[in-house]
Amino acid sequence: MSETANEVERLSCDVLIIGAGGAGLRAAVEARLAGKRVIVISKSLFGKAHTVMAEGGAAAAMGNVNSRDNWQVHFRDTLRGGKFLNNYRMAELHAKEAPERVWELETYGALFDRTPEGKISQRNFGGHEYPRLAHVGDRTGLELIRTLQQKLVSLQQDDAAETGEFEERLRVIDETTITELFTSDGAVRGAFGYRRNTGRFLAIAAPAIVLATGGIGRSFKVTSNSWEYTGDGHALALRAGASLINMEFIQFHPTGMVWPPSVRGILVTESVRGDGGILKNSEGKRFMFDYVPEVFKGQYADSPEEADGWYTDPDHNRRPPELLPRDEVARAINSEVKSGRGSEHGGVYLDIASRRDAEYIIKKLPSMHHQFKELADVDITSEPMEVGPTCHYVMGGVEVDADTAASSVAGLFAAGEVSGGMHGSNRLGGNSLSDLLVFGKRAGEHAAAHAERSGPAELGEDEIASAAATALRPFEGEGENPYELQAALQAVNGRLVGIIRRASELEEALVELEALRPRVANVAATGGRAYNPGWHLALDLRNMMLCSMATAKAALERDESRGGHTREDAPGMDPQWRKTILVSTLEDGEVRLRRQTAAPMPDEILALFETSELAKYMTPEEYQSADRAEAPEAGQEDAE
Amino acid sequence: MSTRTFRVWRGDDEGGELADFDVEVNEGEVVLDVIHRIQAEQAPDLAVRWNCKAGKCGSCSAEVNGMPRLMCMTRMNLFDEGETVTVTPLRTFPVIRDLVTDVSFNYEKARQMPAFAPPEGVAPGEYRMQQVDVERSQEFRKCIECFLCQNTCHVVRDHEENKPPFSGPRLFIRAAELAMHPLDARTDRRETAQDEQGLGYCNITKCCTEVCPEHIHITDNGIIPMKERVAGDRYDPLVWLGRKIFRKDKKSEQA
Amino acid sequence: MTTTDDTSVSAPPRAAIAARTFRTDNWMRLPVLTVIGLTAWVAYATFRVFYQGDYWVADYHYLTPFYSPCVSEGCVPESAHFGRFLPDHPLLPYAALSLPFLLVFRLTCYYYRKAYYRSFWLSPPACAVPDGHAKYTGETRFPLIGQNLHRYFFYAAFLISVINTYDAILAFHSPEGFGFGLGNLVLLANVVFLWCYTFGCHSCRHIMGGRLRHFSKHPVRYRLWTISSTLNNRHMMWAWITLASLALTDFYVMAVAAGWFPDLRFIN
């Protein structure tokens, strides 16, 4: 076997897309429509990517349910959710283009739930002022990925009709992991990886590469993420010379399952709350009213009566506090549990049974009903669920240009969770699926244009041989079992870099991670190369190490609390930090951190907000220009 | 916590055998947890395919005590204390290693299935569909492509030679989904199902429905309505008579 | 589509597993019960159909469904509501006009197909248990392609259900005029069950509205389809209930006609 096994399969294309989730597939559609030859690499089977886990919906200000909704409102909500740390241009493009991207899916065959007028129905979600999430029950992610998967197949069918060959211009290579990117002179030229099935290597020459690899959640013990989420794209980008931003911001979804232990972390959709569910502690108290932060006081109800009234009369009542952005709810749950008011198994109660009738629950939340029944023996139509925070999403990622999704390395693009900036310090539910579509399309489009400009790429034998040697190293090692090392890494992150952080703990985390590094470098794999999960994990571990380092370092540096980064020793937001972005790069194998000042928001963007709101987040110099735009005379008086 | 005996098939396309593992099992665990424990503690290279571990992605299909199941949705309390649990790969597809099989048959069949055809002259954003009209197709779109139905269907499970002419239940519900889609512009879904996909091979013994983890009524709501559409086209005496008398075009049956 | 190494539809070997099945439950139970149930019913029905007696209770106008419509010259004149035109022959059942249609209606029924393919034909006997046959072409060629003719037999069965209903209404009779007894309840229940089976038939469901693309444009047919679908959900249950109710109804009429016990009368 060894001779054929060491032969490297050589491929080439114009646009190589790493990742076959929503962003990757949307990018593939766009690049193929631009006439490019495209290869999509899927770490698992085609159509199984983590996007299928998304439940609630795709946020797009179509205004189908409440006609007052528009891109400006969506944009404002996104910035509030991200505590104004967002790349405003990305958030703007996202809010503007999301409706078109969702409508487009219908032309690919998607079947969303409908309004009585026959339009796409939209549901309420945390942080969104109006019902905004296009959805299909609570399995929207599945609909999205299946639709895109089928769109790819239909493009292949077009190619087959024209050329007789399905894979003439668009090829999906499944169960394949990329381990290296090849670069020279600050530009990418291709990638190297292995096929899981056989363990055989492949090298793909491509002048343009789109990273769409998702997140890093597998580095945490309690997570809603699957085995694939090992930060591959983040690490590939770092090693290729690109930079990561905002790595300290990790979203803990407030509601993951907590019992039984084997399902701890599995997601319980926010739609449960959007559709009427409430959170209670062990004393039966609806505790979220005690946790509405100052910046959100105006938008959220302060009594159960008002909160309940909102579901039927949103114009005259404020929103229930259960629908605060995820970071707020997760912290509140964490604090209730720490104060001894948690549920039997260390969570809180999420109750929809007493609030909605069984038929409604089963219709709106079929997979939650199924999930709890099958996995926890809980009937959510008659009993409350036990829930607690679970690692869900990383806001940080590859630093990209908002309009083109291009990183600082020529030819390297990133879209979806692997990119950073769009969501600021905290992502709103529903903004992920729309993010995938908006920036997946842009990445595909601009990657195709880049390929057009730069022409074909070529790879050298030496760099391929070196990448192969690196990938085979675990078989030579006498080191530790990768599963034990992964558990050790998860334990460090879970214990010291979790939902609530302290400088001392983060320093400890860095020491422990440093101690793990040589062990990870020496990790050993046993057995053969064909479908060997131990080997695969051994290779993934180094990516997880890099991401964990970047997160811990950035978390230590940022001594304030904002969104998905809460420092117990530095509570509250600091306006100076709002305009400061932490950038991670890799230099000589070490993660380096530097501060970067965020681009100031232009006047027309600032004008979308009330000055009083801007004042909660910004220094006066930053928002005074908005005053002029909004109300020139008053603004000048306010200026110092 | 207790110790159970697991018998797991290990091998590849050149052969293999059942390997016994004594392994710890905790309250509330599913078969996939136990397989992972075997992997972490006893056999690091045990090949198993999985992703979401919540019954949403359809990756961890295998046969547990002979029944096709998702390992992540098969709870250990289904088995008696002391009962040996046998886990084997899907039988219908070529084995890659251990519990992992090559399911590309299903993807090839999917590629032969004509895609959704958007209606002409309807711009994106202008699609109008009523909820009652999309519900039937939505049921089929719940499919997570675990391919348990394809694996269980005796047409290909017990008769390898039927693989070329037969697409299987997963693709029959895809055909039904498009035939019932309110805006699909194609009118030949039933012909494709009968002539290209081998709908006639199905003898509606319903094992696909029995093993579907999404509880899709594959047979009653998908396959049989497709068979009925074909019958309406080719075998219904009243339809035939009506056409003779009114010289109606076939397509007018689209309502 | 995906590419994996060197694979195609009928390529490399499956896992070499010697055991035919690892199922540990009693999967043989269902096929065995089906064989017993169907065989017993067919035996009884055959006996009764060729018995040519005790099918009509003259006093109360009870006619067993196995002899409806009674169209043989051998029929008691009062029991023959649609004329007597078939020759009286021991091998020709009195209801020879309807019985073949009913038989084939059930034979081609989607539920019964499942039941006998699994039990009598072992194709397959249970899920993930090997097929009992080396070759399999399903319903693609003669004779099984004829299963597609279910629609024809549904139309016939529909008409026959109307006749059975007519029989049940005519049976509200006594020598003095209107009357009603336990036999009427039996006949009526049987007819209701027959309708539940017939209206829940997959072909019926298709005709009522299943073939439509836009339910929203056809509210009445949508409603009919919904009713048919609800019954269809329990098609197997109705299939067995009607087998039982047909046999029991027939037995009751036979017993009263033969004078084994008198009909329990509520009115006249």
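Predicted model: local features only at pLDDT ≥ 70, side-chain atom pairs only at ≥ 80, totals over all residues.
Of the 255 residues in chain B, 62% count as buried. When contacts in chain B with a separation of 6 or more are considered, 61% of them join residues 24 or more positions apart.

Chain B touches chain A through a contact that takes 46 residues from chain B and 50 residues from chain A. On the side of chain B that touches chain A, the elements giving two or more residues are helix H1 (31-41), strand S6 (95-97), helix H2 (104-111) and helix H3 (131-141) of chain B. Among these, H3(B) gives the most, with five residues. Sorted by class, the residues on this side of chain B comprise 22 nonpolar, 11 polar and 13 charged.

Chain B also touches chain C. This contact draws 60 residues from chain B and 52 residues from chain C. On the side of chain C that touches chain B, at least two residues each come from helix H3 (110-119), helix H4 (150-170), helix H6 (202-210) and helix H7 (219-232) of chain C. H3(C) supplies the largest share of that side, five residues. The class division of the side of chain C that touches chain B is 22 nonpolar, 20 polar and 10 charged residues.

In soluble globular proteins, nonpolar side chains tend to be buried together. Here the largest nonpolar core has 298 residues, and those with the most contacts inside it are A:Val15, A:Ile17, A:Ile209, A:Val210, A:Leu211 and A:Phe413. The largest share of this core comes from helix H16 (residues 533-557) of chain A, which contributes 15 residues. Apart from this core lies another, of 28 residues, which includes C:Cys75, C:Val191, C:Tyr197 and C:Trp238.

The surroundings of one residue of the largest core may be examined individually. Leaving aside residues up to four places away in sequence, A:Val15 touches A:Ala31, A:Lys36, A:Val38, A:Ala206, A:Ala208, A:Val210, A:Ala447, A:Ala448 and A:Ala451. One of these partners, A:Val210, is itself listed with A:Val15 among the residues that have the most contacts inside the largest core.

Methods. Residues numbered from 1 in each chain as written. Chains lettered and ligands numbered in written order. Contact = placed C-beta atoms within 7 Å. Helix = DSSP H or I, 4+ residues; strand = E, 2+ residues; numbered from the N terminus. Nonpolar A, V, L, I, M, F, W, Y, C, P; charged D, E, K, R; others polar. Core = buried A, V, L, I, M, F, W, Y, C linked by C-beta atoms within 7 Å. Buried ≥ 20, exposed ≤ 12 C-beta atoms within 10 Å, placed from the backbone.
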